[in-house]
Amino acid sequence: MSTKILAIDDSRTIRELLRVAIETAGFSYDCGIDGKDGIQKFTEFNPDLVITDINMPNMNGFEVIETLRSEKIKTTIPIIVLTTEFSSEMKQKARNYGASAWIVKPFDEENLISIIKRLVG
C-alpha cells in the first residue's frame, strides 16, 4: 500500500504542485483547501503524513497542528509546515505545537520528497 500524504493549503497552485511532486514520487495524495477542510479530510483519508501551510482562512496551520496533536485526534504522524514564513519564532512555535519539519516556499521538489521519505521511513 502506498504512503498517503495530505496537503492542506489555500493556494490552488501550491496544491497542484504538491500533487504532481507527491504522485510522481509514488505516494497517494489528497488535499484540503483550508485548515477546517484539511481536518475533515484527515479523518476521511487517514494519511501517513500531513503538509500544512500556516496562513490560511477558517483555521490556520498552527491550529491545524494543535488540533491534530490534541486529545481529540491525538495523531503522532509527521507534520511538515510548508509556508512563506521564515522567522525563527514561527518555526519554534510550530515545533512547540508538534510540527516535524519546516520548508519555506517556493519549495524544491527533491528536497520535499527527501524529507517525506525520511519522516515516513
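**Ground rules**

I worked from a predicted model, in which local features need pLDDT of at least 70 and side-chain atom pairs count only at pLDDT 80 or more, while totals for chains, interfaces and linings use all residues. Residues are numbered from 1 along each chain as its sequence is written, and side-chain values use heavy atoms, with hydrogens and water left out.

I took helices (H or I, at least four residues) and strands (E, at least two) as DSSP runs numbered from the N terminus.

**Entry 1: the cores**

I looked up the nonpolar cores, meaning sets of buried Ala, Val, Leu, Ile, Met, Phe, Trp, Tyr and Cys residues joined through side-chain atoms within 4.5 Å. For burial I used under 20% relative accessible area as buried, over 50% as exposed and partly exposed in between, with a 1.4 Å probe and protein chains only.

The largest core has 20 residues, and Val 50, Val 64, Leu 68 and Val 81 have the most contacts inside it. At least two residues of this core come from each of strand S1 (4-8), helix H2 (35-45), helix H3 (61-69), strand S4 (79-83) and helix H4 (88-97). H3 gives the largest share, four residues. Another core, of 19 residues, lies apart from it and includes Ala 7, Cys 31, Phe 107 and Leu 112. As background, nonpolar side chains in soluble globular proteins tend to be buried together.

Val 50 sits in strand S3 (residues 49-52). Val 50 counts as buried because its relative accessibility is 0%. I listed its contacts (heavy atoms within 4.5 Å). Leaving aside neighbours within four places in sequence, Val 50 touches Leu 6, Ile 8, Phe 42, Leu 68, Ile 77, Pro 78, Ile 79 and Ile 80.

**Entry 2: helix pairs**

I used axes that are lines fitted to C-alpha atoms, for helices over the stretch in contact, with angles running from 0 to 180 degrees between N-to-C directions. Angles under 35 degrees count as roughly parallel, over 145 as roughly antiparallel, 65 to 115 as roughly perpendicular and the rest as oblique. A crossing is left-handed if the near helix is turned anticlockwise from the far one by less than a right angle, and right-handed if clockwise. For residue classes, Ala, Val, Leu, Ile, Met, Phe, Trp, Tyr, Cys and Pro count as nonpolar, Asp, Glu, Lys and Arg as charged, and the others, Gly among them, as polar.

*H2 with H3.* The axes cross at roughly 25° and come within 9 Å, so H2 and H3 are roughly parallel. Their crossing is right-handed. Gly 35, Ile 39 and Phe 42 of H2 meet Val 64, Thr 67 and Leu 68 of H3.

The crossing of H3 and H4 is right-handed. From H3, Phe 62, Ile 65, Glu 66 and Arg 69 meet Met 90, Lys 93, Ala 94 and Tyr 97 from H4. The contact of H3 with H4 holds five nonpolar, no polar and three charged residues.

*H1 with H5.* Helix H1 (residues 12-24) packs on helix H5 (residues 109-120) at about 60°, with axes 10 Å apart. That makes H1 oblique to H5. The crossing of H1 and H5 is right-handed.

Most residues other than glycine have a negative phi, and most peptide bonds are trans.

- The peptide bond from Lys 105 to Pro 106 is cis, with omega near -5°; Pro 106 is in the loop between strand S5 (101-104) and H5.
- Asn 46, not a glycine, has a positive phi of about 50°; it lies in the loop between H2 and S3, and counts as exposed at 53% relative accessibility.
- Asn 58 has a positive phi near 70°; it lies in the loop between S3 and H3, and is exposed at 56% relative accessible area.
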